Amino acid sequence: MNAPARIAAAFGCVAAVLLSACATAPQQAPLGAEDYALTGRVLVRQADRADVLRLNWTHLAGHDTVRLETSLGQTVAELQLDPQRAHVRLGDGRAFEAADDVALAEQVIGVPLPLRLFAGWLRAEPGATAVGIERDADARIVSMRDSGWLLSYSGYGSVDSVAGPSLIEAKQGGVVVRVKIESWLRGAAE
């Protein structure tokens, strides 16, 4: 895969993950305490390229579905993550699968992006490897480092009366992923 195609695939993969975070949860199944669905926009910037996509993300019973779309609603990528596999189908029909999310991101975009960690990062929940956690006066996380990524959070409580952040930025090297959450639907514990 040449460099432009790799970058485009990477943006599609990241966008799929981020867009899936913004998806509306299925009406037939109530959300459990750890479940959520969100919609928003994602900016992915790498080298001299930047893409902005719609993000729909659903996290149900430990399984994640992320859909990334153009502003006109065309699907760029759809990502499925479960404990056993990670799978992405790009808008052009190409599909990629790996045993874990980091390997999939490496395969598709050339960057070892911890896609499963985003499920917690979107809720400002540090992973087991998080360090340098900084909190505001209300004990909410404003920044942390996790798996080589620097994460920043802002806009707490500004979306749908949910206490979580509405703007998440993840940076590593020359890669920036910024998620602006526009709507949340969270489980019973929220």
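**A close look at one residue and its sheet**

Modeller: Let's start with glutamate 169, which sits in strand 10 (residues 167-172); strands here are DSSP runs of E, at least two residues long, numbered from the N terminus. Keep in mind that this is a predicted model, where local features need pLDDT of at least 70 and side-chain atom pairs count only at pLDDT 80 or more, while totals for chains, interfaces and linings use all residues. Residues are numbered from 1 along each chain as its sequence is written, and side-chain values use heavy atoms, with hydrogens and water left out.

Is glutamate 169 buried or exposed? With a relative accessible area of 13%, glutamate 169 is buried (buried is under 20%, exposed over 50%, partly exposed in between, using a 1.4 Å probe and protein chains only). Its side chain makes a polar contact with the side chain of arginine 178, at 2.4 Å. A polar contact is a pair of N or O atoms within 3.5 Å; within protein, one must be able to donate a hydrogen and the other to accept it, and residues adjacent in sequence count only if both atoms are side-chain atoms. Leaving aside residues up to four places away in sequence, glutamate 169 touches Leu150, Leu151, Ser152, Val176, Val177 and Arg178 (heavy atoms within 4.5 Å).

The C-alpha atoms of valine 176 and arginine 45 are 5.1 Å apart, although 131 residues separate them along the chain. Arginine 45 belongs to strand 1, and a relative accessible area of 34% makes arginine 45 partly exposed.

Strand 1 (residues 36-46) is joined to strand 2 by 11 antiparallel bridges, and along them glycine 40 faces leucine 55. Two residues lie between these strands in their hairpin, where alanine 47 has a positive phi near 55°. Strand 2 (residues 49-60) in turn runs antiparallel to strand 3 (residues 63-69), with seven bridges. Here leucine 55 stands opposite leucine 68, and leucine 60 opposite histidine 63. That hairpin also has two residues between its strands, and alanine 61 takes a positive phi near 50°.

What about aromatic rings? Two aromatic pairs turn up in the whole structure. Tyrosine 36 and tryptophan 184 make one that is edge-to-face, 5.6 Å centre to centre with 65° between the planes. For such pairs, ring centres of Phe, Tyr and Trp (its six-membered ring) lie within 6.5 Å; planes under 30 degrees apart are stacked, over 60 edge-to-face, and the rest tilted. Because tyrosine 36 lies in strand 1 and tryptophan 184 in strand 11, the pair ties together parts 148 residues apart in sequence. Both of these residues are buried.

Note on methods. Two strands pair if DSSP finds at least two bridges between them. Helices (H or I, at least four residues) and strands (E, at least two) are DSSP runs, numbered from the N terminus.
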